[in-house]
Amino acid sequence: DPLAEAAPEDIVTMVDTNLRGLLLMTRAVLPGMVKRGRGHIVNIGSTAGHDPYGGGVTYCATKAAVDVVTTALREEVLGTGI
């Protein structure tokens with residue numbers, strides 16, 4: 001839905017699922033991976049994060065955030081074996 005018409009609960013659900021869920025799950029598993037010195041984190045994004053479209057503001061924003069989280073996390077774990 002266009003942002004002006006989107007139900008607030010739909011916005012919250014999408015942000016919680018696509019961004020908060022990613023951050024919290026990664027936070028839950030990352031310490032063990034760092035301790036073991038190995039592991040892989042695979043995040044699923046979307047072209048919508050790179051090529052946004054009208055009617056998908058929240059979705060596009062969360063998918064752009066997935067890309068940013070992935071890039072920043074790559075820097076954080078550099079040299080840890082992750």
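Reply: Begin with burial: a residue is buried under 20% relative accessible area, exposed over 50%, and partly exposed in between, with a 1.4 Å probe and protein chains only. This is a predicted model, in which local features need pLDDT of at least 70, side-chain atom pairs count only at pLDDT 80 or more, and totals for chains, interfaces and linings use all residues. Residues are numbered from 1 along each chain as its sequence is written, and side-chain values use heavy atoms, with hydrogens and water left out.

Me: What share of the 82 residues of the protein chain counts as buried?

Reply: The share is 22%.

Me: How many helices and strands does the protein chain have?

Reply: Helices (H or I, at least four residues) and strands (E, at least two) are DSSP runs, numbered from the N terminus. The protein chain has 2 helices and 0 strands. Its radius of gyration, taken over C-alpha atoms, is 15 Å, well over the 12 Å from the globule rule (2.2 Å times the number of residues to the power 0.38), so the chain is more spread out than a compact globule. Along the principal axes, its C-alpha atoms fill a box of roughly 45 × 25 × 15 Å.

Me: Which residues of H2 are buried, and against what do they pack?

Reply: In helix H2 (residues 57-76), the buried residues are Thr 58, Cys 60, Thr 62, Lys 63, Ala 65, Val 66, Val 69 and Leu 73. Packing is read from contacts, meaning heavy atoms within 4.5 Å. The buried residues of H2 pack against helix H1 (8-36).

Key. Expected span 1.5 Å × (residues − 1).
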